[in-house]
Amino acid sequence: RAILHDLLGRQGLRNDVIDVGLSFNVGVGGRRLTASQRQKVSFARALLKRPEYLLVNRPLSALDQQAQMRIIMNLMHWFNETQYRPAVVAVLSNPTLASLFERIIVFERGVPVASGTYKELADSNAAFKRVTS
């Protein structure tokens, strides 16, 4: 319970959980929750397991860009504080979030066409510029 409380607080999800209520009947597969609530809960559940590899496909796409950025920044901060460093592979719906990751791989039609840091790609890669504009 303490781990969940701490994790929800650090991810800025505590108020959402309290609003919904810990004993609230969320329905089968969380169908009574909103799309953004389901994404937040799924993301928090994945983090609670502390996997070595965290593979996520647009984990926060139902949220606005500011909320996505806040949660990802809190997550990175939490990784640094706890010394928990999973390999994170993420498909991002918000290209500005790419700046928070160490390495970026750009795909076109399922084929990797560029790889590097955000700065490297933003400065010189046309495929990356198309994705972020």
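Which residues lie nearest the centre of the largest pocket, and how many residues line that pocket? The model is a predicted one, in which local features need pLDDT of at least 70, side-chain atom pairs count only at pLDDT 80 or more, and totals for chains, interfaces and linings use all residues. Residues are numbered from 1 along each chain as its sequence is written, and side-chain values use heavy atoms, with hydrogens and water left out.

The lining of the largest pocket comprises 26 residues, and V88, A90, F101, R103 and I104 are those that lie nearest the centre. A pocket here is an open set of points on a 1 Å grid over the protein atoms alone, with protein on both sides within 12 Å along at least five of seven lines, whereas a cavity is a set of points where a 1.4 Å probe fits but cannot get out; in both cases a lining residue has an atom within 4 Å of a point. The volume of the largest pocket is about 950 Å³, where a volume is the space filled by probe spheres set on the points, and grid points are joined across faces, edges and corners.

Four elements, α4 (65–82), β2 (87–91), β3 (104–108) and α6 (126–132), each supply at least two residues of this lining, and β2 gives the most, with five residues. Helices (H or I, at least four residues) and strands (E, at least two) are DSSP runs, numbered from the N terminus. Sorted by class, the lining of the largest pocket has 19 nonpolar, three polar and four charged residues; Ala, Val, Leu, Ile, Met, Phe, Trp, Tyr, Cys and Pro count as nonpolar, Asp, Glu, Lys and Arg as charged, and the others, Gly among them, as polar.

The largest cavity has a volume of about 60 Å³, and its lining is made up of F43, V56, P59, I72, L75, M76, F79, V88, A90, L92 and F101. The elements giving two or more residues to this lining are α4 and β2, with the largest share, four residues, coming from α4. By class, the lining of the largest cavity divides into 11 nonpolar, no polar and no charged residues. The second largest cavity holds about 40 Å³ of space, and the residues that line it include R58, P59, S61, Q68 and I72. Its lining has six nonpolar, three polar and one charged residues.

What, then, of the charged side chains? Side chains of opposite charge can pair when their charged atoms come close. Taking a salt bridge as a side-chain nitrogen of Lys or Arg within 4 Å of a carboxyl oxygen of Asp or Glu, the count comes to four. R10 and D6 form one of them, at 3.2 Å from N to O, and both residues lie in helix α1 (residues 2–10), four residues apart, which is about one turn of the helix. E81 and R10 form another, at 2.4 Å from N to O. E81 lies in helix α4 and R10 in helix α1, so this pair ties together parts that are 71 residues apart in sequence. R10 has a relative accessible area of 30% and is therefore partly exposed, as buried means under 20%, exposed over 50% and partly exposed in between (1.4 Å probe, protein chains only). D6, at 33%, counts as partly exposed, and E81 is partly exposed at 41%.

A further salt bridge joins E108 and R130, at 2.3 Å from N to O. This pair links distant parts of the chain, with E108 in strand β3 and R130 in helix α6, 22 residues apart. E108 is partly exposed, with 31% relative accessibility. Salt bridges that share partners join D6, R10 and E81 into one network.K40, in helix α3 (residues 35–48), is buried, with a relative accessible area of 14%. Leaving aside residues up to four places away in sequence, K40 touches L13, D16, L63 and I71, contact meaning heavy atoms within 4.5 Å.

Finally, there are four aromatic pairs, that is, rings of Phe, Tyr and Trp (its six-membered ring) with centres within 6.5 Å, where planes under 30 degrees apart count as stacked, over 60 as edge-to-face and the rest as tilted. The rings of W78 and F79 have centres 5.9 Å apart and planes at 40°, so this pair is tilted. W78 and Y84 make an edge-to-face pair, 5.7 Å from centre to centre with 70° between the planes. Ring pairs link W78, F79 and Y84 into a cluster.
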